[in-house]
Amino acid sequence: MGPEIVATKPEAVSVNTRSGNSEVVQEELALQLEQNESDYMFAKKKSLQARYVYGIIFLIINLKAWAFRDYGQKILSVFNFLRACGIGAQNCSHTLGVLRVSLGCFIFFLVMFSTTIKTKKLNEIRNSWHSNWWALKLLLLMISMTIPFFLSATYVELYGELARIGAGIFLVLQLVSIIEFITWWNNYWMPGDERKKSASFGLFMSTIFYLASVCGIVVMYIFYGRRLECSLNIFFITWTAVLLAVMMAVSLHSKINRGLLSSGIMASYLVFLCWSAIRSEPANDKCNKKSEANAHSTDWTTILSFLFGICAIVMATFSTGIDSQSFQFGKNRDQEEDDIPYDYGFFHLVFALGAMYFGMLFISWNLKNSARKWSIDVGWASTWVKIVNEWLAATIYLWKLMAPVAKAGKVMNYEDSLRRTDDTALP
């Protein structure tokens with residue numbers, strides 16, 4: 001009996017030791033995983049907070065551009081050492097003042113783009129640079145905003161020409177982002193038979209959007225197209241109505257069958273763009289009575305419209321910047337725990353293009369423009385940019401509707417040709 005006890009004790013001790021070590025290792029791994037998860041959650045939180053800081057910076061720069069446009073001569077007249085600004089700071093106020101501020105903003109976000117592009121993981125140093133180091137980035141921002149005020153007017157005007165292209169690219173990116181959102185919303189509220197309540201709500205919302213669009217067309221005819229002299233406005237409004245009808249017909253086509261919700265939202269968006277374009281016509285135009293009445297006055301509605309315009313610029317830039325998924329043409333991979341929550345490089349690139357965009361809006365897309373105070377995006381150049389933007393939005397949307405059908409047709413034709421080839425090859 002004794003020898004058996006002595007023989008079994010070492011085995012029991014070794015089993016207990018291995019079991020204890022395994023439990024310790026598992027506990028350590030669990031603690032390590034929990035710590036990593038906590039670190040990743042904290043890093044993601046910092047990253048998501050950082051994008052709002054960049055948005056606030058962008059808003060402040062927009063306000064600075066407005067201040068330099070309307071009050072630049074008073075602000076900079078005391079800085080006689082700025083030779084590039086000329087006598088009385090004429091080259092650093094009005095149009096050139098806006099372009100200098102826009103250029104400084106562009107330089108800052110271009111540097112951020114070049115230093116954060118290709119960032120993938122939260123443990124990379126570039127993630128820390130994007131989300132932290134605010135003192136150093138504040139210094140970089142100050143340097144970026146100062147450099148343009150030492151450049152000659154020739155270089156600033158050259159940037160203004162390039163900014164037109166950059167602002168146009170920004171508008172295209174914004175359109176794609178908006179259309180992708182409309183498509184997602186349509187798929188959510190019109191999913192099919194499995195969610196009839198949601199589909200009913202989607203049908204109700206599509207009806208509301210189309211009624212709002214029709215009302216908008218009628219109101220624009222009443223206020224901006226009552227006389228034959230306003231033939232250009234009548235053309236804008238009529239062509240918008242034609243685009244609405246075409247989108248509805250294509251959406252309801254049997255081969256596409258995408259429903260009315262997405263086309264209804266797009267219809268409302270096109271009507272808004274048309275209205276905004278007509279409202280951007282010069283204030284002394286005879287077909288824009290409301291603008292003519294307020295041409296030489298600054299009331300609270302003018303100020304509110306101006307502030308709303310700035311907020312719209314910031315929101316458009318922010319929403320497009322965080323929507324990098326709409327521009328991924330490859331197959332989306334599954335999101336991993338240590339992946340960054342949004343594409344930093346694309347985010348800063350959009351803000352850099354947004355700097356060009358707000359520069360064009362403040363000078364109404366015209367480098368020789370002399371905008372009045374509290375105005376934004378007013379003039380014939382602005383009108384035509386918005387009209388072309390409306391037509392481009394309709395074109396992209398229709399292409400997005402018809403592209404899957406056209407692609408499926410090509411695939412079917414290719415398969416048919418293969419079958420015919422196989423049939424002729426048979427003895």
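## Terms and basis of the model

A salt bridge is taken here as a side-chain nitrogen of Lys or Arg lying within 4 Å of a carboxyl oxygen of Asp or Glu. The structure is a predicted model, in which local features need pLDDT of at least 70 and side-chain atom pairs count only at pLDDT 80 or more, while totals for chains, interfaces and linings use all residues. Residues are numbered from 1 along each chain as its sequence is written, and side-chain values use heavy atoms, with hydrogens and water left out.

## Overall architecture

The protein has 12 helices and zero strands, where helices (H or I, at least four residues) and strands (E, at least two) are DSSP runs numbered from the N terminus. Of its 427 residues, 42% are buried; buried means under 20% relative accessible area, exposed means over 50%, and partly exposed lies in between, with a 1.4 Å probe and protein chains only.

The protein exposes about 24,200 Å², of which carbon and sulfur atoms supply 66%; accessible areas come from the Shrake-Rupley method with a 1.4 Å probe, and for residues only the protein chains shown count as cover. Among contacts (heavy atoms within 4.5 Å) between residues at least 6 apart in sequence, 79% join residues at least 24 apart.

## Salt bridges

The structure holds four salt bridges. Side chains of opposite charge can pair when their charged atoms come close. Arg-126 forms a salt bridge with Glu-124, with the closest N and O atoms 2.9 Å apart; Arg-126 is partly exposed at 27% relative accessibility, and Glu-124 is likewise partly exposed, at 21%.

Another salt bridge joins the side chains of Asp-70 and Arg-69 at 2.8 Å, N to O, and here Asp-70 is buried with a relative accessible area of 10%, while Arg-69 is buried at 3%. The side chains of Arg-164 and Glu-161 also meet in a salt bridge, at 3.4 Å, N to O; the two residues are three apart in helix 5 (residues 153-189), and therefore are separated by about one helical turn. Arg-164 is partly exposed at 31% relative accessibility, as is Glu-161 at 39%.

Helix 4 has 13 residues, which at 1.5 Å a residue should span 18 Å, and its end C-alpha atoms are 18 Å apart, in agreement; the expected span is 1.5 Å times one less than the number of residues. The buried residues of helix 4 are Lys-137, Leu-141, Ser-144 and Met-145. Seen down the helix axis, these buried residues fall within an arc of 90°, so they line one face of helix 4; the arc is that of the directions from the helix axis to the C-beta atoms.

Trp-133, in the loop between helix 3 (125-131) and helix 4 (134-146), is partly exposed at 47% relative accessibility. Together with Leu-136, Leu-139, Ile-143 and Ile-147, Trp-133 makes a nonpolar surface patch of about 470 Å². Patches are made of residues with over 30% relative accessible area and no salt bridge, with like charges joined within 9 Å and nonpolar side chains (Val, Leu, Ile, Met, Phe, Trp, Tyr) within 5 Å.

## A buried loop residue

Ile-376 is found in the loop between helix 11 (344-362) and helix 12 (380-425), and is buried, with a relative accessible area of 16%. Not counting residues up to four places away in sequence, Ile-376 touches Phe-306, Gly-309, Ile-310, Ile-313, Leu-361 and Phe-362. Ile-376 and Ser-364 are 12 residues apart in sequence and 6.9 Å apart in space, C-alpha to C-alpha.
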